[in-house]
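Here is a short report on a protein model and its ligands.

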Amino acid sequence: MRVTMIGAGYVGLVSGVCFADFGHDVTCVDKDERKIALLREGKMPIYEPGLDELVAQNVREGRLSFTTDASDAIRNADAVFIAVGTPSRRGDGHADLSYVFAAAEEIADLMQGYTVVVTKSTVPVGTGDEVEKRILARRPDADFAVVSNPEFLREGAAINDFKRPDRVVVGGAEDPRARKVVEELYRPLYLNETPIVFTERRTSELIKYAANAFLAMKITFINEMADLCEKVGADVQQVARGIGLDNRIGAKFLNAGPGYGGSCFPKDTIALVRTAQEYGAPVRLIETTVAINDDRKAAMADRIIAAVGGDVKGKTIAMLGLAFKPNTDDMRDAPALDIVPALQKAGAKIRAFDPESMEEAAHLLKGVEFATGPYDCVKGADAVAILTEWDQFRALDLKRMKELLKTPVVVDLRNVYKPGEMRERGFTYVSIGRPGT
Ligand code: NAD
Ligand code: UGA
């Protein structure tokens with residue numbers, strides 16, 4: 001199959017290289033010249049484990065190429081994927097579909113012969129209908145199908161998630177020609193019996209939002225349980241284990257923390273709330289989830305301030321981790337973006353270290369001193385806060401860290417360490433939802 005991927009970001013690039021690895025002939029198109037130049041030099045514009053090797057291999061074997069000029073790629077394609085961003089629209093929280101529609105119009109102008117246009121971007125219910133309408137308006141004669149194929153990969157585990165997904169969802173492939181293209185695209189997944197859910201386009205679009213909203217709600221549920229645990233003297237990790245062993249609940253996504261962040265849960269929950277309001281069927285659980293999560297991120301700064309005695313004026317707080325989760329350089333809606341400014345406002349000096357996201361963080365956070373490593377970061381600090389559970393922060397030399405800190409205060413927002421052990425070592429230790437915190 002000849003595949004064109006419009007948008008070579010986290011989703012487009014990973015999907016593109018994985019389709020190439022499935023044996024298809026893939027062109028990734030991005031209007032960002034810097035990104036394409038880097039990719040052509042074999043350099044990755046994002047940090048995603050395993051991506052560089054897989055890209056290099058597929059480029060070498062002639063199945064993957066990169067361009068800023070979509071013309072040939074779209075003309076020759078059997079399937080053109082739209083994998084551009086759908087950020088929150090400023091002001092109202094609806095998904096901003098301008099990139100999607102711009103890509104659709106470009107496809108309309110260039111496609112030749114039967115083409116399957118696949119929306120991989122996360123788009124509100126009805127977007128596929130609108131994409132179809134816009135293509136037809138420009139090319140009434142065009143022979144095409146618009147299919148929804150939402151993506152469920154997670155950053156940091158993206159390649160494995162794409163190649164070994166729990167399921168693939170495909171909406172609107174009623175035309176047998178479209179269905180055949182989709183089946184061919186995902187052939188390796190058919191062979192390993194991955195469930196492929198064929199459904200209507202609007203249903204498929206909603207499945208994506210429902211999945212993200214449910215996961216965001218699950219995290220928010222355990223976060224509230226953590227708050228309750230702190231009041232009643234229970235342990236949220238044990239509560240999570242105790243409920244998660246029930247197959248109807250499931251053990252995953254029950255790690256209490258500083259609130260969910262990232263490029264998707266925050267924007268997708270709000271977009272779903274807006275869609276539901278617009279259709280007169282409000283999703284109040286998700287409205288509440290959004291509000292609780294916003295409050296939670298704000299409250300994390302207070303937790304750090306309280307740990308150093310209620311006043312951070314003139315004090316240095318060391319931040320280990322800035323990205324919204326480990327194994328990514330992505331800073332979009334990271335809890336650090338709420339916590340750091342709130343601490344600065346209260347008078348704290350911030351020194352931070354993150355293995356991958358500091359370059360991006362430097363654009364978003366002002367007045368932060370960036371350290372060269374975790375020990376450089378904690379040196380002379382009045383407290384250290386663990387914001388992201390990178391593996392290297394799970395195995396810190398605690399003796400060394402204690403010696404370097406001015407006062408041995410650790411605020412562990414990811415429950416990486418054990419409260420008992422930390423206290424035995426002489427730390428003032430605050431974590432999330434565990435006895436004594
Ligand atoms: P991103 O911002 O990393 O990448 C989008 C890319 O599209 C950018 O490089 C941009 O330059 C490019 N682009 C925009 N308009 C273009 C055009 N007309 N032609 C060519 N290139 C164009 O975004 P992302 O994180 O990859 O997300 C893309 C979509 O996938 C979003 O809808 C998101 O909600 C969804 N999604 C993301 C993830 C994730 O983990 N990041 C997972 C599942 C779904
Ligand atoms: C999430 C979903 O997991 C993907 O299935 C989906 O495709 C993607 O959004 C998307 O639509 O973009 P991602 O944002 O990469 O993936 O990362 P997650 O691992 O889901 O984490 C999101 C946030 O929730 C992070 O801030 C993380 O720290 C937090 N989280 C996650 C918790 O606080 N507790 C948990 O138990 C799990």
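## Two ligands in a predicted model

Domain 1 (2–199) and domain 2 (238–430) each give at least three residues to the shell around ligand 1. The domain bounds come from an automatic or database domain assignment. This is a predicted model, in which local features need pLDDT of at least 70, side-chain atom pairs count only at pLDDT 80 or more, and totals for chains, interfaces and linings use all residues. Residues are numbered from 1 along each chain as its sequence is written, chains are lettered from A and ligands numbered from 1 in the order in which they are written, and side-chain values use heavy atoms, with hydrogens and water left out.

**Ligand 1.** This ligand is surrounded by 26 residues. A residue is near a molecule if one of its heavy atoms lies within 4 Å of it. The closest are Asp-30, Lys-35, Thr-86, Glu-155 and Lys-267. By class, the shell around ligand 1 holds nine nonpolar, seven polar and ten charged residues. Nonpolar means Ala, Val, Leu, Ile, Met, Phe, Trp, Tyr, Cys and Pro; charged means Asp, Glu, Lys and Arg; the others, Gly among them, are polar. Helix H1 (10–21) and helix H5 (98–110) each supply at least two residues of this shell. Helices are DSSP runs (H or I, at least four residues), numbered from the N terminus.

**Ligand 2.** Domain 1 (2–199) and domain 2 (238–430) both contribute to the shell around ligand 2, so ligand 2 lies between them. There are 19 residues around ligand 2; Phe-152, Leu-153, Lys-208, Asn-212 and Cys-264 come nearest. Nine are nonpolar, three polar and seven charged. Helix H10 gives the most, with three residues.

The table lists polar contacts of both ligands (pairs of N or O atoms within 3.5 Å).

| Residue atom | Ligand atom | Distance |
|---|---|---|
| Val-11, backbone N or O | ligand 1, oxygen | 2.8 Å |
| Glu-155, polar side-chain | ligand 1, nitrogen | 2.8 Å |
| Ser-263, polar side-chain | ligand 1, nitrogen | 3.5 Å |
| Asn-212, polar side-chain | ligand 2, oxygen | 2.8 Å |
| Phe-324, backbone N or O | ligand 2, oxygen | 3.0 Å |
| Arg-414, polar side-chain | ligand 2, oxygen | 2.8 Å |

Taken alone, ligand 2 exposes 710 Å², and the protein buries 91% of that. Accessible areas come from the Shrake-Rupley method with a 1.4 Å probe.

**Cysteines.** The whole structure has zero disulfides (pairs of cysteine sulfur atoms within 2.5 Å). Cys-28 is buried, at 0% relative accessible area. Cys-377 is buried, also at 0%. Buried means under 20% relative accessible area (1.4 Å probe, protein chains only).

Definitions and conventions: Polar contact = N/O pair within 3.5 Å; in protein donor to acceptor, adjacent residues only side chain to side chain. Buried < 20%, exposed > 50% of the residue type's maximum accessible area, 1.4 Å probe, protein only.
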